[in-house]
Amino acid sequence: MSKTVRLEPIAQQTSVETNANLLSVLINKDLDVLRECGGRGMCATCHVYVQDGMESLSPINRREQRTLEVITSCKSNSRLACQARVLQNGVVVELPPGMYINSLKDIEGLIGRRAEQDLLHPLTGQILVESGKLITRSMLKKLEDTTSFNVSSYFSNSSSL
Ligand code: FES
């Protein structure tokens with residue numbers, strides 16, 4: 001049996017096997033989901049909002065809850081796509097605006113340009129550079145100096161997991 005899921009704001013409808021997670025829906029649609037933790041509910045790069053049909057998804061588990069708590073863009077309808085399984089029809093998923101960055105190098109290549117969309121911290125979902133803002137070297141320096149911005153150390157640690 002399959003279930004139908006709708007994706008907004010790209011207005012796409014798709015069907016998945018019952019009990020498949022929302023992450024597989026996004027990947028099937030070729031959406032660029034960073035999924036840094038490999039779908040284990042430990043990063044936030046598969047964060048989505050559920051516009052409708054929350055009751056048609058599997059309930060939030062503890063790990064998901066804990067990860068969601070650190071995302072600044074978390075709302076009451078937030079879910080981690082890798083943890084939310086589709087049990088019934090009627091789920092409408094809203095993709096958060098913005099792009100998760102992999103590393104400071106991602107931003108480095110954009111210096112001197114305006115951010116076309118919000119650039120998001122890969123772990124917390126915090127907005128690092130707002131859409132429309134000019135990306136400058138001093139901004140990059142500031143990000144490096146921010147203790148909460150520990151992406152490079154996270155990535156070197158994560159490889160040893
Ligand atoms: S892929 Fe990391 S929390 Fe879903």
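**Exercise 1. Find how many bridges join β3 to β4, and in which sense the two strands run.**

Solution. Strand β3 (residues 47-52) is joined to β4 by three bridges, and the two run antiparallel. Strands here are DSSP E runs of at least two residues, helices are H or I runs of at least four, and both are numbered from the N terminus. Two strands count as paired if DSSP finds at least two bridges between them. Now take individual bridges. H47 has L80 of β4 as its partner. V48 is bridged to R79 of β4.

This is a predicted model: local features need pLDDT of at least 70, side-chain atom pairs count only at pLDDT 80 or more, and totals for chains, interfaces and linings use all residues. Residue numbers start from 1 along each chain as its sequence is written.

**Exercise 2. List the elements of the protein in sequence order.**

Solution. Count: five helices and eight strands. Then read along the sequence: β-β-α-β-α-β-β-β-α-β-β-α-α.

**Exercise 3. Locate the nonpolar cores and the elements that supply the largest one.**

Solution. A nonpolar core is a set of buried Ala, Val, Leu, Ile, Met, Phe, Trp, Tyr and Cys residues joined through C-beta atoms within 7 Å. Buried means 20 or more other C-beta atoms within 10 Å of the residue's own, with C-beta atoms placed from the backbone. Of the 161 residues in the protein, 29% are buried.

The largest core has 23 residues; L22, L23, L80, A81 and V93 have the most contacts inside it. β1 (2-8), α1 (22-28), β3 and β5 each supply at least two of its residues. The largest share, four residues, comes from α1.

A second, separate core has eight residues, including Y100, I101, L119 and L120.

**Exercise 4. Trace the contacts of L22.**

Solution. A contact needs C-beta atoms, placed from the backbone, within 7 Å. Leave out residues up to four places away in sequence: L22 then touches V48, R79, A81, A84, V86 and V93. Now widen the view. Among contacts between residues at least 6 apart in sequence, 58% join residues at least 24 apart.

Technical notes: A residue is buried if 20 or more other C-beta atoms lie within 10 Å of its own, exposed if 12 or fewer, and partly exposed in between; C-beta atoms are placed from the backbone. Two residues are in contact if their C-beta atoms, placed from the backbone, lie within 7 Å.
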